Amino acid sequence: MSEQSTGKLSRRKLITTGLAATAGIAGLGVAARIAQKYGLIPPDHGGIYGLGETLTYASQRLLTRHSLAREFSRSQISKPPFPNEMAPPSDAFKHLQSGGFTDWRLVIDGMVARPSSFSLDQLKSYPSRSQITMVQCEEGWSYIAEWHGTPLSHVLETVEVLPQARYVVYYSIEPDWWESIDMADALHPQTFLTYGMNGDVLPVGNGGPLRLRVPRQLGYKSVKFITHLTVTDNLKKFGKGLGSAAPEGGYAWYAGI
């Protein structure tokens with residue numbers, strides 16, 4: 001997780017003050033109550049920017065729940081090197097890498113009927129999809145790539161998510177690197193467990209062997225080196241209760257584009 005940018009503060013302030021100027025404080029209160037009625041309160045709703053975060057999340061879910069992230073043509077794919085590439089991380093990762101990732105596993109537990117562990121070969125045997133979408137960072141950089149993988153929704157169907165589930169928490173092999181999304185994004189057709197990029201395997205520098213791609217949100221939600229998913233109905237019991245490592249570091253939990 002990189003440092004919080006001043007742009008983030010400006011964006012939050014703009015959301016809050018802009019809505020206040022348009023709707024008035026009373027109108028914001030009504031909107032917040034509507035968000036609460038529909039269960040659209042983000043886990044980081046407290047604090048000075050909480051109202052803005054709530055209205056951003058609630059309005060996007062109510063108005064654009066099924067919208068698609070923009071997709072591009074192959075001629076628009078960015079040329080390497082790509083921003084934010086990472087060197088091989090921990091010794092545990094390097095050990096798995098030396099074995100060709102044959103021992104890499106994605107564990108799925110929590111509110112599912114069939115907790116399971118999947119190898120990369122198992123994931124690659126499932127229906128695959130491709131998308132050419134943009135990774136956008138709040139700090140200003142972006143790039144377009146073709147991503148290949150299996151929809152997260154298919155894997156969640158395999159483990160049989162329980163009806164009361166509301167979120168999917170996902171963890172990197174890197175310590176303290178975790179995020180979560182609601183079921184609307186988890187089941188969205190563009191949310192992939194990604195193992196390929198630009199016609200080849202997903203490079204380690206870009207999150208290989210397995211990365212979650214959430215193209216409807218900013219890049220920090222697309223966590224690299226995914227090893228563990230937990231399905232839950234409550235995010236308060238994870239970390240500091242803010243929904244992910246992002247708000248613990250000063251970012252928003254919901255980072256919709």
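Arg-74 is exposed, with a relative accessibility of 59% (exposed means over 50% relative accessible area, buried under 20% and partly exposed in between, for a 1.4 Å probe and protein chains only). The structure is a predicted model, in which local features need pLDDT of at least 70, side-chain atom pairs count only at pLDDT 80 or more, and totals for chains, interfaces and linings use all residues. Residues are numbered from 1 along each chain as its sequence is written, and side-chain values use heavy atoms, with hydrogens and water left out.

Six salt bridges were counted, a salt bridge being a side-chain nitrogen of Lys or Arg within 4 Å of a carboxyl oxygen of Asp or Glu. One of them joins Arg-74 to Glu-146, with 2.7 Å between the closest N and O atoms. Arg-74 belongs to the loop between helix 2 (50-64) and helix 3 (91-98) and Glu-146 to strand 4 (residues 142-151), so the contact ties together parts 72 residues apart in sequence. Helices (H or I, at least four residues) and strands (E, at least two) are DSSP runs numbered from the N terminus. Glu-146 is buried, at 12% relative accessibility.

A salt bridge also forms between Glu-179 and Lys-221 (2.7 Å, N to O). Glu-179 is in strand 6 (residues 178-182) and Lys-221 in the loop between strand 9 (211-213) and strand 10 (226-232), 42 residues apart. Glu-179 is buried at 0% relative accessibility, and Lys-221 is buried with a relative accessible area of 0%.

Asp-185 and Arg-216 form a salt bridge at 3.0 Å, N to O. Because Asp-185 lies in helix 6 (residues 183-186) and Arg-216 in the loop between strand 9 and strand 10, this pair ties together parts 31 residues apart in sequence. Asp-185 is buried, at 1%, and Arg-216 is buried, at 10% relative accessibility. Through shared partners, salt bridges join Arg-61, Asp-182, Asp-185 and Arg-216 into one network.
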